[in-house]
Amino acid sequence: MTKTRFKSLTFKQTILVVFTALFFAIAIFMLEVFMVVKAGTAELKQDQQELLDSVEQPLENALWGINVELGTQTLEGVLKVDHVASAEVLQDDNVLFVKAGEARSNKGDFLEVIGNQLFAPYEQVTRPLMSPSGFDNRSPELIGTLYINYDPRELAESLFDQLKLSFFATLARALFITLVLSYIFHRFLTQPIAKIGEAIDQIDPEQPDNVLLPTFASHNDDELGLVTSKLNQILVQFSQTQNKLRKMATRDSLTGLPNRTLLLETIALAIQRAKHNQQQMALFFIDLDRFKNINDSLGHALGDQFLIKVAGLLRRIVGNKGTVARLGGDEFVIMQEHIRSANEAAEFVGQLLKQLQSPIKLEEHAVHPAASVGISIFPDDGCTADDLIRHADMAMYSAKAAGSNQWAFFKQQMTEKAAVMLRTEASLHDAILNNEFLLHFQPKLDIRTGELLGCEALIRWQRDGRLISPMTFIPVAEETGIIIPIGRWVLEQSCKVLNRWQKQYQTSTIIACNVSSKQFNSASLVPDIKRLAMRYQIDPGLLEIEITETSLMNDIEPAIDKLHQLKSAGFGIAVDDFGTGYSSLSYLRHLPITTLKIDRAFISDLPEDSAIASTILMLGQQLGLNIVAEGIENEAQESWLKAHGCIIGQGFYYSKPLPVEEFEQRYLVPAAQRVSSE
């Protein structure tokens, strides 16, 4: 084989050296521009800080002493500094104290546009103004803010004056050289490189050696041909090495599917292709329903087999129309490119859920898979892999909330809701530390006589001078777990109030406290309640624990044991919202409870629809329980309840929840006065 004689690419491009000098000249000019801009902005930033430092003390003195003249003189001095357009001082309540200069006029010309682009971060500087530190032995406090506004147009004009001569010289050379250089560059360098670039775009990240770089007859014997040949060898070697590494680092060890790492890479590349081709793509976030039950009942070995078979099923369903990945646990993701519309994505997920419902054989067990699917669409729902996955995950939880085998598209409101929840969660933590919670009390009265029999403690959140509805923050507290310390706070405050009422009014008014599902499931609940009763020396019979029917039915056996512990200690136990949780009557007979509360939903239908209320009343009476009708709002409801033997009533018909002082004045003070007069 004849060895090809090497011809230097340097020789071929010798005649281009003169012309490429223009490129370097422009590059140097751009570097000069960059350095000038960088130096100018650094100098401007330093000058701004020095200016702020120089006027800070006089303006603090002027603002503290309400010396408008001194403040005005100081700001007029600021205006003499180069490029300063205006300056003003606002008091801590945002009321203008002094101002100098006028806002710059918006000419909208080229210099102003460039100035806004380059100097926007430096257009305005501020400095908080503090009170004297030695005043009244207090630490300095914010008394106002200084604002200094610069004219970006003047800054840009100053910059252009420095660069004008160099710019026009470079432009003249460029115009002359470009005409001669264009064809030669295209013929000998640009065209081959462009074709290599097109080939690089077609390289498959999974198999880089499927598409090799093109070779050119005119460059077979020069440096470009040598580089192309070497790169093709590297692509082949890299593909072989990559396949080995990917199996270890980017594949799920159980199912062999791409893991999160590979999925993120694949989505990122797909996004680039979608942007280039102006196409849409869809992401389907799949969470298997009831997978925990499979693990718990059949064991982890069969649970793993179940995941492997689901992975294989997803592969067959998707085929070559997309990518299937496993994020971990029972979560899978499908990515599909070239989606034409949201309707097409909806059709696909409908077929997916239908095919997923086919039974899977696990030894002698037949398991019917079910899944919840969230969908996000590029570019509408995100422009990065992380955003698309996160938004599809949010949509999945929305689908799961609607029931099994459901799907949902991502909506922007989900992100807004999550942000609100995060802000509310942070505020709830602060509320506990800052004692922003308070209790209101709603009376429970004897329907026949109007006598006070007890009350229910209801939490309120006082923030920024207003009361926040429990409907706003309780769901967030439930979901985040903050409900446990909040519930503990309610119990402790109720015990404090009971202790004070016993001493001040010699009353035996019962306070009922709601306990959430999460707090009820906490192992510390019973010890906490006993400890609080002992600490505040209250009769356990005066504290009634209200638990929703749903909380009891979630895990009935441990719930019964916990209720027995509370009842044996003397505490009252009420089942709240009875009739809404579909509880078993066989279990109800064994619950150690003292009170049933008929849910307001059944009271609101009285007297027209009374079947459920009648049944609950009869059931409670036969079991020897106290029956409380909550949510009484009118005389007709009260009359029906009185006629059917319900003794205890609660609702707005009698009283809304009251602050503790108002509750005491309305109910406890009159009762105490009657006792003393007797």
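Guide: Glycine 328 has glutamate 331, in β7, as its bridge partner. The model is a predicted one. The two strands concerned are β6, residues 323–328, and β7, residues 331–339; they run antiparallel and are joined by 5 bridges.

A link from here to a helix goes through alanine 311. This residue belongs to helix α9, which covers residues 300–318. Between alanine 311 and valine 324 there are 8.1 Å in space, C-alpha to C-alpha, and the two are 13 residues apart in sequence. Once neighbours within four places in sequence are set aside, alanine 311 is in contact with Thr255, Leu257 and Phe332. Alanine 311 counts as buried because its relative accessibility is 0%, and the cut-off for buried is under 20%.

An open sheet is formed by 4 strands in the order β2-β1-β4-β3, with antiparallel pairing. Its edge strands are β2 (96–101) and β3 (124–130), each of which pairs on one side only. From one strand to the next, the twist averages 10°. Helix α3, made of residues 68–79, packs on this sheet and touches β1, β2 and β4 (142–150). The direction of α3 makes about 30° with that of β2. Within the sheet, β1 (residues 84–91) pairs with β2 over 5 bridges in the antiparallel sense. Opposite glycine 101 in β2 stands serine 86.

Just after α13 comes glycine 481, with a positive phi of about 90°.

The cysteines can be taken together. The structure holds 0 disulfides. For cysteine 495, the closest cysteine sulfur is that of cysteine 513, at 7.0 Å, so the two are too far apart for a bond; a disulfide would need the sulfur atoms within 2.5 Å. Cysteine 495 has a relative accessible area of 0% and is therefore buried. Cysteine 383, by contrast, counts as partly exposed, with a relative accessibility of 42%.

Last, some totals for the chain. There are 23 helices and 21 strands. Of the 678 residues in the chain, 42% are buried. The chain exposes about 37,100 Å², and 55% of that area is supplied by carbon and sulfur atoms. Among contacts between residues at least 6 apart in sequence, 68% join residues at least 24 apart.

Notes:
Residues numbered from 1 in each chain as written. Predicted model: local features only at pLDDT ≥ 70, side-chain atom pairs only at ≥ 80, totals over all residues. Heavy atoms only, no water. Buried < 20%, exposed > 50% of the residue type's maximum accessible area, 1.4 Å probe, protein only. Contact = heavy atoms within 4.5 Å. Areas by Shrake-Rupley, 256 points an atom, 1.4 Å probe, with all protein chains shown as cover. Pairing = 2+ DSSP bridges. Axes fitted to C-alpha atoms, helices over the stretch in contact; angles between N-to-C directions.
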